[in-house]
Amino acid sequence: MKKIIPLAILAGICISIGCVVNLRVGGVAGAVLFAFGLTTVVYYGLKLYTGTAGFIRLKGDWVMLGLVLLGNIIGCLLTAWLIAYAQPDCIEPASKILAGRLAKGPFACFLLAIGCGFIMTTAVEFARKGKMLPLLLGVPVFILCGFAHSIADAFYFLVSPAEQMLQTEVLVVYISEVLGNFVGCNLYRWTLFPFETEEK
């Protein structure tokens, strides 16, 4: 348990690096390069919320998952502070992403997060078996589909202007994304292994 927070913080930083390149490059290239963040998380065995939620036991590990989410957000926050200062050109495109999420509303973001969670768990499942191509493809797929990744969005939201990020609606949308990611991450297991209770 003591190692979870440091590993989760580092995972948040890695995902934030992917976010930065996506903000600065954009398009298909930015979506593809974002994959560096997730491949780093998998290679080093870091703790990422969307890489963990689909593999916890159905009747346990909730504290661990909460710590992973907290650590990820801290990592995003630290990186957001650095980037907002050193690369302020990232603020405007991040703000547009946040505005887009708010315009869609919490239920739409919940649904979009389900798609992302399903893709991420599938990609990580393949990576655990030594097959990295789905991991490299999964990231640009969820980005280009417009699906919501709660940890990536934590960075985008935190690097946005404070007056925008501190709206109550932002928290509601973010919670909906976290829940949607969890549903998506477990969709395959709930469908194919409904009575499974042990960690895979």
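## Burial, salt bridges and helices

Q: At 1% relative accessibility, does Asp 153 count as buried or exposed?
A: Asp 153 has a relative accessibility of 1%. A word on the setting: this is a predicted model, where local features need pLDDT of at least 70, side-chain atom pairs count only at pLDDT 80 or more, and totals for chains, interfaces and linings use all residues. Residues are numbered from 1 along each chain as its sequence is written, and side-chain values use heavy atoms, leaving out hydrogens and water. Buried means under 20% relative accessible area, exposed over 50% and partly exposed in between (1.4 Å probe, protein chains only), so Asp 153 counts as buried.

Q: Which side chain meets that of Asp 153 in a salt bridge?
A: A salt bridge is a side-chain nitrogen of Lys or Arg within 4 Å of a carboxyl oxygen of Asp or Glu. Asp 153 takes part in one with an N to O distance of 2.7 Å. Its partner is Arg 101.

Q: How many residues apart in sequence are the parts that Arg 101 and Asp 153 tie together?
A: Helices here are DSSP runs (H or I, at least four residues), as strands are (E, at least two), numbered from the N terminus. Arg 101 sits in helix H5 and Asp 153 in helix H8, so the pair joins parts whose separation in sequence is 52 residues.

Q: Arg 101 has a relative accessible area of 10%; is the residue buried or exposed? Which residue joins Arg 101 and Asp 153 in one network?
A: With its relative accessible area of 10%, Arg 101 is buried. Salt bridges that share partners link Arg 101 and Asp 153 into one network with Glu 177.

Q: Where is Arg 24, the partner of Asp 89 across 65 residues?
A: Asp 89 and Arg 24 form a salt bridge whose closest N and O atoms are 3.0 Å apart. The pair links distant parts of the chain, with Asp 89 in the loop between H4 and H5 and Arg 24 in helix H1. Both ends count as partly exposed, Asp 89 at 40% relative accessibility and Arg 24 at 47%. Arg 24, then, is in helix H1.

Q: How many residues does the largest nonpolar core have?
A: Such a core is a set of buried Ala, Val, Leu, Ile, Met, Phe, Trp, Tyr and Cys residues joined through side-chain atoms within 4.5 Å. Ile 15, Phe 34, Tyr 49 and Phe 155 have the most contacts inside the largest one, whose residue count is 50. Helices supplying at least two residues each include H1 (4-25), H2 (27-44) and H10 (168-192). The number asked for is 50.

Q: How far apart are the end C-alpha atoms of H1?
A: The expected span of a helix is 1.5 Å times one less than its number of residues. H1 has 22 residues and should span 32 Å. Gly 26, with a positive phi near 70°, follows H1.

Q: What covers the buried residues of H4?
A: The buried residues of H4 include Met 64, Leu 65 and Val 68. For Met 64, the relative accessible area is 11%. Cover rests on contact, which means heavy atoms within 4.5 Å. It includes H1, helix H3 (49-52), H8 and H10.

Q: Which residues does Cys 116 touch, not counting residues up to four places away in sequence?
A: Cys 116 lies in helix H6. It is buried, with a relative accessible area of 0%. Beyond four places in sequence, Cys 116 touches Phe 142, Phe 147, Ala 148, His 149 and Asn 181.

Q: Thr 121 is in contact with which residues, leaving aside neighbours within four places in sequence?
A: Thr 121 also has its place in helix H6. At 2% relative accessibility, Thr 121 is buried. Its contacts are Thr 50, Gly 54, Phe 55, Cys 185 and Tyr 188.
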